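Trainee: I would like to go through this model with you, one question at a time. Please show it first.

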Amino acid sequence: MSSTRTAFYHGILAGAPFLLMAVPFGMLFGLVATEAGLDIFQTFSMSVIVVAGASQFSALQVLVDGAPFYIAVLTGLAVNMRMLMYSASLAPHFGKAPKWHRMIAAYFMIDQTYGVAILELDKNPDQPVSTKLAYFFGAACLIFPAWYGSTLAGVLVGAAIPPEYALDFVVPVMFIALVAPSLRSLPHIVAAFVSVLVSLSLSWMPFNLWLMIAAIAAMIAGAETERRLRARL
Amino acid sequence: MSDLSIWLTIIFLGIGTYLIRYSFIGFFADKELPDWLLRHLRYVPAAVMPGLVAPLTVWPEATGGDPDPARLIAAAVALFIGAVLRSVLGAIFGGMGVLYLVQYLLN
């Protein structure tokens with residue numbers, strides 16, 4: 001078996017456990033998007049075109065709040081800014097690959113594929129580029145179809161759930177669940193706290209402007225806390 | 001929200017997200033992110049999501065914007081499970097489970 005093929009299979013194995021997260025999360029998106037008024041084609045398209053759950057939920061929530069589409073886009077993009085980091089840290093590994101390989105790899109860059117790939121690539125940085133990409137694509141090849149499929153399943157399930165199940169609250173609970181495990185250091189906690197405080201005190205502002213201001217203030221607060229903690233060491 | 005605004009959101013969010021993903025493996029393959037920018041990007045999720053969720057939690061639309069004990073307790077439980085057990089799914093199911101339980105007990 002060629003080393004490229006072996007790397008691909010290893011990638012599949014490393015990515016497989018994340019199905020446990022992707023499937024319920026995709027179903028939840030299908031369900032929530034349906035509740036919000038998207039039809040099945042719009043919901044499915046969003047999962048296929050955007051492929052970034054947290055930003056899909058955020059953009060959708062902003063639209064539901066009645067803001068114009070560009071505010072929804074900005075909010076979703078703000079959530080996805082973390083992928084700049086992913087792209088930058090994969091660049092030394094993928095930089096030498098043909099351009100069209102990198103263009104395809106970009107589509108498959110999500111939290112899970114990045115997390116799986118960077119562990120392996122940093123451990124074995126001297127592999128050929130084709131082996132590295134094969135591992136990355138392997139990690140993506142179960143999660144992506146599962147994400148599409150579970151979104152569709154969520155739409156079908158959502159249509160059958162009566163409104164008294166308080167599904168409105170799935171969205172807040174999900175965001176809390178997504179962010180809580182990352183509150184592992186003081187700067188993260190400071191950022192989250194500032195974000196909550198600013199958004200609650202500015203929530204009278206139109207067009208979800210409060211969210212932009214809260215996010216920028218919180219980001220600066222987190223980064224500044226980190227810088228000061230380092231300076232003290 | 002109109003069909004048009006939904007489609008515009010899907011398309012522009014899709015294109016923008018793709019460009020973010022492609023940025024450093026494509027356009028700036030030979031450049032590095034400056035330290036100060038990396039330091040800020042690290043806090044993006046913790047800066048955006050709590051702010052998004054806070055008004056929805058404190059003033060839920062389903063109760064006409066009045067604070068609701070069941071939802072506040074559910075949010076606290078989700079935060080606790082997520083932060084302590086580091087389990088995203090555990091926090092979602094725990095939070096929703098507690099919401100149904102408290103709603104059942106209060107009614």
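The contact between the chains

Mentor: Chain B puts 61 residues into the contact and chain A puts in 78, two residues being in contact if their C-beta atoms, placed from the backbone, lie within 7 Å. This is a predicted model, in which local features need pLDDT of at least 70 and side-chain atom pairs count only at pLDDT 80 or more, while totals for chains, interfaces and linings use all residues. Residues are numbered from 1 along each chain as its sequence is written, and chains are lettered from A and ligands numbered from 1 in the order in which they are written.

Trainee: Which helix gives the most to the side of chain B that touches chain A?

Mentor: Helices here are DSSP runs (H or I, at least four residues), strands are E runs of at least two, and both are numbered from the N terminus. At least two residues of that side come from each of α1 (3-22), α2 (35-41), α3 (44-58), α4 (69-85) and α5 (88-106) of chain B. The top contributor, with 15 residues, is α3(B).

Trainee: How many residues of the side of chain B that touches chain A are nonpolar?

Mentor: Ala, Val, Leu, Ile, Met, Phe, Trp, Tyr, Cys and Pro count as nonpolar, Asp, Glu, Lys and Arg as charged, and the others, Gly among them, as polar. On the side of chain B that touches chain A, 13 residues are polar and six are charged. The nonpolar residues there number 42.

Trainee: What is the radius of gyration of chain B?

Mentor: Chain B has five helices and zero strands. The globule rule (2.2 Å times the number of residues to the power 0.38) and the radius are compared, the latter taken over C-alpha atoms. For 107 residues the rule gives 13 Å, and chain B is well over that, so it is more spread out than a compact globule, with a radius of gyration of 19 Å. Its C-alpha trace spans, along the principal axes, about 60 × 40 × 20 Å.

Trainee: How far apart do the C-alpha centres of the two domains of chain B lie?

Mentor: The domain bounds come from an automatic or database domain assignment. In chain B they give domain 1 (1-32) and domain 2 (45-106). The C-alpha centres of these domains are apart by 30 Å.

Trainee: Which helix of chain A gives the largest share of the side of domain 1 that touches domain 2?

Mentor: Chain A is divided into domain 1 (3-164) and domain 2 (183-232). Their contact takes eight residues from domain 1 of chain A and five residues from domain 2 of chain A. On the domain 1 side, the largest share is four residues, from helix α5 (residues 69-80) of chain A.

Trainee: Is A:G154 buried or exposed?

Mentor: A residue is buried if 20 or more other C-beta atoms, placed from the backbone, lie within 10 Å of its own, exposed if 12 or fewer, and partly exposed in between. A:G154 sits in helix α9 of chain A, and among the residues that A:G154 touches are A:G26, A:M27 and A:L28. With 24 other C-beta atoms within 10 Å, A:G154 is buried.

Notes: Lists of a residue's contacts leave out its neighbours within four places in sequence.
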